Amino acid sequence: MIKPPPYPRRALALACALCAPSPAALAQATDDAVPTLDTVRVTGTPLDIPLEESSTPVELLDERALLQRRAGTLGDTLDGLPGVRNNNYGAGAGRPVIRGADAARVRILSDGSEVQDASTSSPDHAVGLEPMLAREIEILRGPSTLIHGGGVIGGVVNVRDNRIPTAVPEKGYEGSVELRKESSAREGTGLFSLTGGSGPIALHVEGLKRSADDYKVGSGWTAPRVEGSAAKTWYGSLGASFIHSRGYLGVAYSRLRSKYGLPGHSHEYEDCHVHGNALHCAGHDHGDEPAAPPGCHWHGTELHCTGGHGEEEEVALVDLDTERWDIRGEWRAPLPGFARVRLRAGITDYRHDEIEHGEIGTTFKNKAHDARLELEHNPLTLGPGTLRGLLGAQHSRRRFSAVGEEAFVEPTDTQAHAVFALEEYRLGAWRFELSGRYEWQDARLDGSARRGTVRHHMGSIAGGVSWAFAPGHTLAVNLSRSERAPSAEELFASGIHLATNTWERGNARLTAERATNLDISLRKSSGATRYELTAFHNRIDNYIYADTTDRHENFRLVDYRQRDARFSGLEARVSHQLNRQWRVGAFGDVVRASFAGGGKVPRIPSHRLGLNVEWQGGPWTASAEWTRNFAQNRLAAFETRTPAYDMLNLRVAWRGRLSSGQDYEVYASLNNALNKLAFNHSSFVKDASPLRGRSLMVGARLSF
């Protein structure tokens with residue numbers, strides 16, 4: 001306990017409800033009229049393209065949608081969107097899985113700047129940002145993702161926040177406070193956000209505190225709660241900006257503290273070691289030591305037991321502390337011929353300790369910085385159409401180290417540099433997009449036993465076209481060819497990694513992955529019926545994966561190797577506005593991933609189908625969502641089957657305004673209302689950490 005401080009036929013029917021219109025829009029509509037949605041622009045690309053015109057497949061969660069979805073981790077917040085799952089490790093760590101891709105193949109940004117943490121190195125490492133204070137979250141795929149990195153085959157998640165103000169509030173100040181309570185883990189959360197300013201100066205301050213005990217699971221598991229799943233989080237940020245009629249320049253400091261348990265983290269196999277390509281376990285490191293009895297394991301020269309054989313083993317904890325400085329700026333008309341210049345930079349000092357038996361077992365550090373500069377040129381008349389675009393440069397450096405019992409990789413220093421360009425050409429109902437990126441990376445091993453540098457040069461190119469063939473109807477096709485350099489962990493890992501029950505061995509001879517992706521979308525964004533259907537196929541040459549070479553019980557020896565792989569899938573959502581009050585919808589997704597020559601890619605989510613309904617009457621809103629997650633029977637080597645499960649979520653909310661003019665909302669939600677026992681196939685610890693059982697959450701939010 002933490003103390004406080006070929007596709008199946010049913011896949012062809014997949015489809016997800018578009019976001020419901022705002023209550024204000026519904027209230028103004030006539031009985032037979034369809035509410036009109038405001039134009040939403042895709043800000044993850046610097047060209048600010050209207051959402052309905054984008055050739056890139058985009059999922060946008062605005063502040064209203066986030067109020068219904070926000071959770072303690074980014075992965076849990078986005079889980080359930082078409083094509084998106086959560087790679088959770090208990091309740092404290094969760095990173096999004098997009099189209100079956102995770103880790104370095106999914107880039108996470110904080111308002112355009114890369115989040116530098118340790119979450120790509122291991123699933124038990126949390127993402128270094130707080131999603132509950134996000135203003136918007138965008139998930140992008142296609143050509144526009146190249147400006148943020150090559151080889152991002154899953155997509156880009158851009159989390160936009162208010163840390164650095166871009167304008168002075170009209171009345172001098174604005175903000176919000178929110179409190180909520182959840183039953184499954186007896187979780188309590190409080191947060192606030194405040195922006196104020198005068199003249200050219202604007203200030204912003206925000207903070208959050210969250211405390212949760214071990215959470216309950218659905219009925220039928222071996223225990224009522226997941227032991228060691230408790231989590232505590234503290235977050236604060238202070239930012240300031242200089243505001244000008246032509247732009248702004250600002251800086252912000254933020255700090256995130258988090259303590260959370262690792263329920264799947266076991267020391268049962270900590271005495272295993274490697275001889276050649278074989279694992280040797282059960283006391284081989286202890287000379288004449290006898291084999292440990294059932295339920296026990298050796299920890300150094302001490303015997304630790306569970307289940308009545310001695311002292312009960314404590315669940316390992318992560319004590320995370322990350323500090324970050326952000327600089328953001330934008331200036332319009334900076335030079336003749338150019339519309340604006342945009343700056344994003346961040347400096348991160350990340351550290352987390354893994355605490356075992358009350359002592360620090362391993363310390364992970366990541367000192368990193370990144371900076372990017374984008375210059376957008378003015379629209380150019382080219383023949384009968386108009387050309388818009390930008391060019392830019394990016395630099396990043398990551399000094400990562402792990403010291404202690406589970407230091408499975410020696411200190412590394414990775415530097416990356418890139419130049420990129422994005423151009424958009426409009427011709428009547430047609431829109432063409434082309435982007436390119438060239439980057440080079442140096443990964444240096446600074447360990448005491450081994451030293452060396454591995455260099456990779458990579459080029460990526462992508463193109464897309466969208467056709468508005470009828471009012472509100474768009475057909476979009478995207479094709480990309482991109483490269484991803486191996487991560488430092490894939491190159492240099494050498495040691496035990498108990499979070500995933502593996503002994504990992506990197507490979508300094510790994511070459512860059514080369515991915516060719518085809519993406520086709522059909523969407524309707526106006527009228528009573530709206531939909532979006534997307535099909536994709538991704539061929540990845542030299543796909544880097546952890547290949548199991550040997551296995552002892554649940555412990556595996558893995559070598560990072562390369563094989564050609566294929567990812568294909570469907571994503572769909574559809575909604576229909578029945579009248580002013582009722583809207584119904586359906587959604588779903590499916591992804592298949594296999595290696596050329598046979599074999600399945602591990603931890604690929606099963607397909608999913610869901611239905612939802614929303615009602616709005618005056619200040620009241622209510623919704624219900626049912627999801628069927630089908631069983632995953634397409635298994636990689638050494639994987640186990642994950643059974644199917646149903647999930648029913650209910651929500652009701654009341655919106656009002658105080659006599660003094662402040663808006664407020666009171667809400668309640670009942671998630672997993674049927675209390676189903678559910679397991680997440682994408683998780684490394686699915687059997688040790690099932691999903692939450694029935695959970696009631698109540699909350700209130702005041703905006704001023």
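Which way is the disulfide of Cys272 and Cys281 handed, and why? The torsion about its S-S bond is about 120°, so this disulfide is right-handed. A disulfide is a covalent bond between the sulfur atoms of two cysteines. Here a disulfide is called when a pair of cysteine sulfur atoms lies within 2.5 Å, and by this rule the count comes to 1. Cys272 and Cys281 sit with their sulfurs 2.1 Å apart. Both cysteines are buried, where buried means under 20% relative accessible area, exposed means over 50%, and partly exposed is in between (1.4 Å probe, protein chains only).

Before going on, some ground rules. This is a predicted model, in which local features need pLDDT of at least 70 and side-chain atom pairs count only at pLDDT 80 or more, while totals for chains, interfaces and linings use all residues. Residues are numbered from 1 along each chain as its sequence is written, and side-chain values use heavy atoms, with hydrogens and water left out.

Now for the overall picture. The protein chain has 4 helices and 37 strands; these are DSSP runs numbered from the N terminus, with helices being H or I of at least four residues and strands being E of at least two. Of the 704 residues in the protein chain, 55% are buried. The chain exposes about 28600 Å², and carbon and sulfur atoms supply 56% of that. Accessible areas come from the Shrake-Rupley method with a 1.4 Å probe, and for residues only the protein chains shown count as cover.

Let's look inside. A nonpolar core is a set of buried Ala, Val, Leu, Ile, Met, Phe, Trp, Tyr and Cys residues joined through side-chain atoms within 4.5 Å. The largest one has 34 residues, and those touching the most other members are Tyr89, Leu208, Tyr260, Leu262, Leu320, Leu491 and Phe492. Helix α4 (488-492) is among the elements that give two or more residues to this core, and the largest share, 3 residues, comes from α4. Setting aside residues up to four places away in sequence, Leu491 touches Ala443, Val454, His456, Pro486, Gly506, Asn507, Ala508 and Leu510, with contact meaning heavy atoms within 4.5 Å.

Leu427, Trp430, Phe432, Trp467, Phe469, Leu475, Val477, Leu479, Leu518 and Ile520 make a nonpolar surface patch of about 790 Å². Patches are made of residues with over 30% relative accessible area and no salt bridge; like charges are joined within 9 Å, and nonpolar side chains (Val, Leu, Ile, Met, Phe, Trp, Tyr) within 5 Å. Strand β26 gives the most to this patch, with 3 residues. Leu427 belongs to strand β23 (residues 412-427) and counts as partly exposed because its relative accessibility is 31%.

Charged pairs come next. A salt bridge is a side-chain nitrogen of Lys or Arg within 4 Å of a carboxyl oxygen of Asp or Glu, and the whole structure holds 60 of them. In one, Arg160 meets Asp111 at 3.2 Å, N to O. This pair links distant parts of the chain, 49 residues apart: Arg160 is in strand β9, and Asp111 is in the loop between β6 and β7. Both Arg160 and Asp111 are buried. In another, Glu513 and Arg484 have their closest N and O atoms 3.1 Å apart. Glu513 lies in strand β29 and Arg484 in strand β26, so the pair ties together parts that are 29 residues apart in sequence. Glu513 and Arg484 are buried as well.

Ser183 lies in the loop between β10 and β11 and touches Arg694, Ser695 and Leu696, not counting residues up to four places away in sequence.

Most residues other than glycine have a negative phi, and most peptide bonds are trans. Asn542, in strand β30, has a positive phi near 60°. Arg603 also has a positive phi, about 60°; its place is in the loop between β32 and β33, and Arg603 is buried, with a relative accessible area of 17%.
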